[in-house]
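Student: I would like to learn how to read a protein structure. Could we go through one together, feature by feature?

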Amino acid sequence: QYFDTKELKRYGLERLDLIERNWQKMQSMPVRPKIQPGDLKRVLPREAPLRPEPLELIMKDTEELIIPCMTKWQHPSFFAYFPSGSTHPGVIGDMIATAFNNPSFTWVANPATNELDNVVSDWIVRMCALPKKFLFSSKGGGSSLPSTTEAILLSLHVAKHRKMKELGITVSDPRILKLVAYYTETAHSAINKAILIKDIPHSRAIPFTYDEEKRDFAVSLDIFKRMIEEDLQQGLIPFFLLSTIGTTSYCGIDPTKELGAIAKEYKMWYTVDAAYAGAALICPEFRILGVGLDYCDSIAINLGKWLLCEISAAFIFVGNRLEFIELNGGKIDPAYLRNKYSARAQDIDQKDWAIGLST
């Protein structure tokens with residue numbers, strides 16, 4: 001019996017003690033380990049062991065070598081990048097998920113995960129007072145993803161194919177080289193990576209300017225419209241706009257409503273990266289940040305930042321799930337994935353929302 005439940009309980013309780021000890025002394029630890037690149041690699045074996053090693057030895061190495069070399073993101077003095085909190089319910093939830101390890105690419109492969117994902121998606125929409133079009137009870141919906149980077153890449157991909165479908169552009173059509181995407185200047189670098197992966201030939205960063213009246217920096221809507229008009233004069237095809245609620249660099253908030261109106265005017269797919277500060281919409285006093293989200297075709301929120309979930313707890317929400325699934329590749333169903341449940345419904349399988357089979 002490869003899964004020894006008695007050993008699981010014994011070692012599991014010991015490892016919970018290890019986690020507790022490290023959390024208790026977290027505040028006295030350095031935020032960053034006092035090591036140089038390559039230090040850990042030099043003390044670890046170059047080859048994997050030929051025979052199994054006792055778990056006690058592996059855990060000893062974990063406590064003496066691995067944990068001391070970690071940057072402590074949960075440390076009270078950690079202020080880099082973004083929050084990445086953790087909680088005991090989150091740790092226990094990960095234990096349960098890992099214990100059963102059920103891939104969930106189709107409903108029949110794991111009904112519980114697929115339906116729970118839908119339910120939690122609707123919870124988030126209601127908690128954050130997002131427009132009702134993002135609920136499964138309407139034409140929209142949402143899905144968990146490994147990261148907001150994937151949500152941005154998928155939004156760009158779907159936007160490209162929607163514009164190609166709208167204009168009758170095929171992959172051999174020279175007009176495919178005229179597509180242009182826009183994003184606000186301090187957007188996350190994930191958009192730059194997505195543009196490279198999707199071979200978007202033209203992209204523009206919408207600059208910030210100093211607003212004398214507001215005494216603050218803000219996206220220049222006039223410059224943005226001027227950029228679009230100049231691109232149209234050059235024969236380019238605007239198709240995508242990304243703005244942010246909570247930039248990684250300084251938690252800046254873009255004017256969602258005004259940008260959304262421009263995106264609608266020029267028939268662009270509009271996505272909002274709310275990975276950082278989108279969770280603030282739970283608080284009624286911060287819902288002013290969400291004004292204009294009804295213009296959005298897609299929104300991304302990461303629960304792993306302000307909501308103390310594990311780091312890969314990102315969600316994408318779309319206003320038209322069937323369109324999103326179709327343009328994301330449609331129902332790609334080889335023989336080993338076909339089943340009567342997926343055949344009856346177009347939107348019950350997690351694989352149709354993501355790049356990988358499982359989210």
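Student: Which residues in α8 meet which residues in α9?

Tutor: Happy to start there! This is a predicted model, in which local features need pLDDT of at least 70 and side-chain atom pairs count only at pLDDT 80 or more, while totals for chains, interfaces and linings use all residues. Residues are numbered from 1 along each chain as its sequence is written, and side-chain values use heavy atoms, with hydrogens and water left out. Helices (H or I, at least four residues) and strands (E, at least two) are DSSP runs, numbered from the N terminus. Contact means heavy atoms within 4.5 Å. Here, Leu221, Phe224, Lys225 and Ile228 of α8 meet Glu258, Leu259, Ile262 and Glu265 of α9.

Student: What is the angle between α8 and α9?

Tutor: Axes are lines fitted to C-alpha atoms, for helices over the stretch in contact, and angles run from 0 to 180 degrees between N-to-C directions. For α8 and α9 the angle is about 15°, and their axes are 11 Å apart. Angles under 35 degrees count as roughly parallel, over 145 as roughly antiparallel, 65 to 115 as roughly perpendicular and the rest as oblique, so α8 is roughly parallel to α9.

Student: Which residues have the most contacts inside the largest nonpolar core?

Tutor: First, the general idea: in soluble globular proteins, nonpolar side chains tend to be buried together. A nonpolar core is a set of buried Ala, Val, Leu, Ile, Met, Phe, Trp, Tyr and Cys residues joined through side-chain atoms within 4.5 Å. Buried means under 20% relative accessible area, exposed over 50%, and partly exposed in between (1.4 Å probe, protein chains only). In this model the largest core has 35 residues, and Leu130, Tyr182, Phe224 and Leu241 have the most contacts inside it. Elements that each supply at least two of its residues include α8 (221-233) and α9 (256-265). Leaving out residues up to four places away in sequence, Phe224 touches Tyr182, Ile206, Leu241, Leu259, Ile262 and Met268.

Student: How many disulfides does a search of the whole structure find?

Tutor: A disulfide is a pair of cysteine sulfur atoms within 2.5 Å. The search finds zero. Take Cys128: its closest cysteine sulfur, in Cys283, is 9.2 Å away, so that pair is too far apart for a bond.

Student: Is Cys128 buried or exposed?

Tutor: Cys128 has a relative accessible area of 3%, so it counts as buried. Cys69, at 24%, is partly exposed.
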